[in-house]
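The following exercises concern the model shown below.

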Amino acid sequence: MILVTGGCGFIGARFVLDWLGECDEALVNLDALTYAARPQALTSLRDDPRYTFVHGDVRDRALVDALLARHRPRAIVHLAAETHGDRAIAGAAAAHRP
Ligand SMILES: NC(=O)c1ccc[n+]([C@@H]2O[C@H](COP(=O)([O-])OP(=O)(O)OC[C@H]3O[C@@H](n4cnc5c(N)ncnc54)[C@H](O)[C@@H]3O)[C@@H](O)[C@H]2O)c1
């Protein structure tokens, strides 16, 4: 079992699909589903018993503690992030506000 954060993002979704395409080790995906998330990229996994999606915030310590206790992942792939690339192009002032 591995835990992936931000598994619905650009890199995360590709990682999740590649992981479950390459091996049988189960995967928990913790994602807050922000504007950047692409959960539709993972619809093919909806009925896959190896895949568990958790809608939540990586900053929620109680939630993360509970996930670690319940699933006991052997590794964490931390991809949850606030990425501002597209927003910076659309409106640099907002992306770079102090
Ligand atoms: N995109 C690239 O080309 C690239 C290249 C090198 C490294 N990276 C790094 O990989 C990581 C992921 O990048 P990406 O492009 O996939 O980002 P992204 O913005 O596409 O995805 C981020 C994901 O994290 C989730 N998320 C955001 N805040 C969260 C929170 N508090 N709790 C849980 N989930 C949260 C979002 O819902 C989204 O699904 C970043 O650290 C980035 O710097 C990206």
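A residue is called buried under 20% relative accessible area, exposed over 50% and partly exposed in between, computed with a 1.4 Å probe on protein chains only. The model is predicted: local features need pLDDT of at least 70, side-chain atom pairs count only at pLDDT 80 or more, and totals for chains, interfaces and linings use all residues. Residues are numbered from 1 along each chain as its sequence is written, and side-chain values use heavy atoms, with hydrogens and water left out.

**Exercise 1. The aromatic pair**

Task: Determine how many aromatic pairs there are, and classify the geometry of Phe15 and Trp19.

Solution. 
Step 1. A pair of aromatic rings is described by the distance of the centres and the angle of the planes. Rings of Phe, Tyr and Trp (its six-membered ring) pair if their centres lie within 6.5 Å; planes under 30 degrees apart count as stacked, over 60 as edge-to-face and the rest as tilted.
Step 2. By this rule, one aromatic pair is counted. The ring centres of Phe15 and Trp19 lie 5.8 Å apart and the planes meet at 25 degrees, so this pair is stacked.
Step 3. Helices (H or I, at least four residues) and strands (E, at least two) are DSSP runs, numbered from the N terminus. Phe15 and Trp19 are four residues apart in helix H1, and therefore about one helical turn separates them.
Step 4. Phe15 has a relative accessible area of 26%, so it is partly exposed. Trp19 has 19% and is therefore buried.

**Exercise 2. Strand S1**

Task: Describe the two sides of S1 and its pairing with strand S4.

Solution. 
Step 1. Ile2 and Val4 point one way, Leu3 and Thr5 the other, and all are buried.
Step 2. S1 pairs in the parallel sense with S4 (residues 75–78) over four bridges, where Val4 stands opposite Val77.

**Exercise 3. Glu25 and His71**

Task: Locate Glu25 and His71, and list their contacts.

Solution. 
Step 1. Glu25 lies in the loop between H1 and S2; its relative accessibility is 19%, so it counts as buried.
Step 2. Contact means heavy atoms within 4.5 Å. Apart from residues up to four places away in sequence, Glu25 touches Met1, Ile2, Trp19, Leu20 and Arg74.
Step 3. The Glu25 side chain reaches the backbone nitrogen of Met1 at 2.9 Å. A polar contact is a pair of N or O atoms within 3.5 Å; within protein, one must be able to donate a hydrogen and the other to accept it, and residues adjacent in sequence count only if both atoms are side-chain atoms.
Step 4. His71 is placed in helix H2 (residues 61–71). Its relative accessible area is 18%, so His71 is buried. Neighbours within four places in sequence aside, His71 is in contact with Met1 and Val28.

**Exercise 4. Cysteines**

Task: State how many disulfides the structure holds, and classify Cys8 and Cys23.

Solution. 
Step 1. A disulfide is a pair of cysteine sulfur atoms within 2.5 Å; a search of the whole structure finds zero.
Step 2. Cys8 has a relative accessible area of 1%, so it is buried, whereas Cys23, at 25%, counts as partly exposed.

How values were computed:
Two strands pair if DSSP finds at least two bridges between them.
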